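Please examine the sequence and the model shown here before reading on.

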Amino acid sequence: MDQFGDRFTGKLIVPQTGDYTFTLNSDDGSRLILDDRIVVDFDGAHGASDRSAIQSLTAGSYDLTALYFEAIGGAQFIASWSGPGWRWRCCRRWCPSIEF
């Protein structure tokens, strides 16, 4: 399937104050937004690859929006994060053959 876009929304619960790394792996463009602030911007048509950003956050709840679009060819979207004292956790994974 080609030429489509999607929007994922939810709440991100940050367990403790500290620096958090957010990573998007997408084929094609993607963007991660917390409380109306762009954290990771990985726009454009490109093959599957990663883009990361570090964000200092205080403990609490944040509105999370992830945007994704697929132009042509392969399709992939993986959003993950890591924080103080723990490694990567997937927020959401999208692949044409996998339902979430």
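The model is a predicted one: local features need pLDDT of at least 70 and side-chain atom pairs count only at pLDDT 80 or more, whereas totals for chains, interfaces and linings use all residues. Residues are numbered from 1 along each chain as its sequence is written, and side-chain values use heavy atoms, with hydrogens and water left out.

An open sheet is formed by 4 strands in the order 1-6-3-4, with antiparallel pairing. Strands here are DSSP runs of E with at least two residues, numbered from the N terminus, and two of them pair if DSSP finds at least two bridges between them. Strand 1 (4–14) and strand 4 (37–42) each have a single partner strand and stand at the edges, so one side of each lacks a neighbour in the sheet. On average, neighbouring strands of this sheet are turned by 15° against each other, direction ignored; the axes are lines fitted to C-alpha atoms. Strand 3 (residues 30–34) runs antiparallel to strand 4 and is joined to it by 5 bridges. Within strand 4, Ile38 is the residue that stands opposite Ile33.

Aromatic contacts come next. The whole structure contains 4 aromatic pairs, a pair being rings of Phe, Tyr or Trp (its six-membered ring) whose centres lie within 6.5 Å; planes under 30 degrees apart count as stacked, over 60 as edge-to-face and the rest as tilted. The ring centres of Phe8 and Phe77 are 5.4 Å apart and the planes are at 5°, so this pair is stacked. Because Phe8 lies in strand 1 and Phe77 in strand 7 (residues 76–83), the pair ties together parts that are 69 residues apart in sequence. Both Phe8 and Phe77 are buried, that is, under 20% relative accessible area with a 1.4 Å probe and protein chains only. Together with Tyr68, Phe8 and Phe77 form one aromatic cluster.

The largest nonpolar core has 22 residues, of which Leu12, Phe22 and Leu34 touch the most other members. Such a core is a set of buried Ala, Val, Leu, Ile, Met, Phe, Trp, Tyr and Cys residues joined through side-chain atoms within 4.5 Å. Among the elements that give two or more residues to this core are strand 2 (18–27) and strand 6 (60–70). Leu34 has contacts (heavy atoms within 4.5 Å) that include Leu12, Phe22, Val39 and Leu57, not counting residues up to four places away in sequence.

Gln55 belongs to strand 5 (residues 49–57). With a relative accessible area of 18%, Gln55 is buried.

How values were computed
Axes are lines fitted to C-alpha atoms, for helices over the stretch in contact, and angles run from 0 to 180 degrees between N-to-C directions. Buried means under 20% relative accessible area, exposed over 50%, partly exposed in between (1.4 Å probe, protein chains only).
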